[in-house]
Amino acid sequence: MKQWLMGLVMGLMSLTALAAVDTPEQITRKVSDDVLAIIKQNEKDPLKVRDMVDARVSPLADYTRMTALAVGRYWKSATPEQQQALTREFRTMLVRTYLSALTVYKNAQVDVKGARPGQSDNEQSVRSEVSLPGQKVIPVDFSFQKGNSGWKVYDISVDGISFIVNNRNQFGAVIRKDGVDGLIKQLADRNNALKNGTAAK
Amino acid sequence: MKRLLALLGALLLAGCATPQNSYDPLEPMNRAVYAVNRDLDKKILLPITRSYVENVPQPVQTGVKNFFGNIDDFFDVFASAAQFKATKAVHSFSRVLVNTTAGLGGVIDWGTDLGMQKSDEDFGQVLGFYGVPSGPYLMVPFYGPVTLRDSAEPIGRYFMGPLDFIQSAAWDVGYYSLWIVDARSEILPLDGLLSTQPDEYAYLRDGYLQRRWNKIHDGYPPYPLPLGEPDDAEGSFDPGPTDVAAPVSDAASAPLADDASSSVSAMPETGGGARFSIGSEEEDGTLEVQ
């Protein structure tokens, strides 16, 4: 019995040790390998790719912070319910627009170049380069933060274009005109229009 | 004519009054041009491009892409050399040499197979390398977005085209038509993305400006481009990591908020380009619209 317990404890310890060892760079490598595999296996079915990739990446993304950064200074004036709704719609928008267009990258190669320290010990940014045969390399950066449940992504830059920065101006304009609820409604309407993956076109 | 000038002046002033983005003082005019461009695109260019992509055999499309890519490589040689980027210049020069001869005028891209990397330098980046600020963002009729500085690329190309010795109107028409369709086909995936944005114009502009800023700094900008309102830059709204287990006011998020305003000067060394906490007034000033 004692030995069994010992074994269990040892096993758990090595498990947590493994989890702690995963650096942002390793996470990026694993996830990009998995995502490319998903795309290759389902290249004819963008919707399936979208859902499978979503399931793979969502535990690794801090959508709430991502949304807060995209909404900018209006975030604090939103009620918790509005913040939740914004996060939900922003996440859906990201999934429906970006993830359903992934089948273009069925022949892509992802080259993870390495991580750079961020503002604090709790932040790192991982540089990767995505290339399609014979085309220019596109740098993709993942900004990681370390929270209570490990490293998570709060921003992605494609060719220097950051998700959060690129949405801030237009979201701000909508909020100034129609308020926070106006932005939620606009995002929801567009998401509904995209329900069947028409944005993949 | 006078009235037109007055109108233009009014538009300029109106643009200066409410800058949503400090790089876009001509926003009202740009928006008007964008609306026309987009309309023409949807009615003429987009249908032609879709039909090109769907009906022209893939090897032909690849050949066309390679042909224009070879011309890009030609200009890249000069742009890289002017920035003392020797490796890039050599790679691009070798590509042009191999692809123009063995690749039948650029139609076949042997260079990539031979390990010669394609680079992405242009004359706008050359000016940026020598410290020229971007200048205002412009939406050019029938062309698209460009900043004043980066217009050096299309203008430079126009005056030193490698194929200028061909004196034929038919060639010119064919060349430019195919070039436009090929260029448009490359950004087809963006259409879905753009059409889902609440403000297409602002989304495109902010994306373009960030992309150029990134290219000028070869992928490692010292700090993110300050777009939008000045107080957006402070990052005071940053909640920090929002793990389910961690309340927003958790200690883990506190250092982030402090860092955002204080450690700007350290950023170039740490290379922390991914954060969006923005530089001080002086640093911003160097980028201001001239």
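**Close-up 1. Crossing of helices α8(B) and α9(B) in the predicted model.** The axes of α8(B) and of helix α9, which spans residues 188-195 of chain B, come within 4 Å and cross at roughly 55 degrees. On the α8(B) side, the contact is made by R184(B), S185(B) and E186(B). Helix α9(B) contributes L188(B), P189(B) and D191(B) to this contact.

**Close-up 2. Nonpolar surface patch on chain B.** Y143(B), I155(B), Y158(B), F159(B), Y176(B), W179(B) and I180(B) form a nonpolar surface patch of about 790 Å². Two elements of chain B, α7 (152-159) and α8 (169-186), each give two or more residues to the patch. Among the patch residues is Y158(B), which lies in helix α7 of chain B. With a relative accessibility of 56%, Y158(B) counts as exposed, because the cut-off for that class is over 50%.

**Close-up 3. Packing of helices α4(A) and α5(A).** Helix α4 (residues 63-71) and helix α5 (residues 80-98), both of chain A, have axes that come within 9 Å and cross at roughly 95 degrees. This angle lies in the range of 65 to 115 degrees, and α4(A) and α5(A) are therefore roughly perpendicular to each other. Helix α4(A) takes part in the contact through Y63(A), T64(A), M66(A), T67(A), A70(A) and V71(A). The residues of α5(A) in this contact are L86(A), T87(A), F90(A), R91(A), L94(A) and V95(A).

How values were computed
Residues numbered from 1 in each chain as written. Chains lettered and ligands numbered in written order. Predicted model: local features only at pLDDT ≥ 70, side-chain atom pairs only at ≥ 80, totals over all residues. Heavy atoms only, no water. Patch = residues over 30% accessible without salt bridge, like charges linked within 9 Å, V, L, I, M, F, W, Y side chains within 5 Å. Areas by Shrake-Rupley, 256 points an atom, 1.4 Å probe, with all protein chains shown as cover. Salt bridge = Lys/Arg side-chain N within 4 Å of Asp/Glu carboxyl O. Buried < 20%, exposed > 50% of the residue type's maximum accessible area, 1.4 Å probe, protein only. Axes fitted to C-alpha atoms, helices over the stretch in contact; angles between N-to-C directions. Parallel < 35°, antiparallel > 145°, perpendicular 65-115°, else oblique. Contact = heavy atoms within 4.5 Å.
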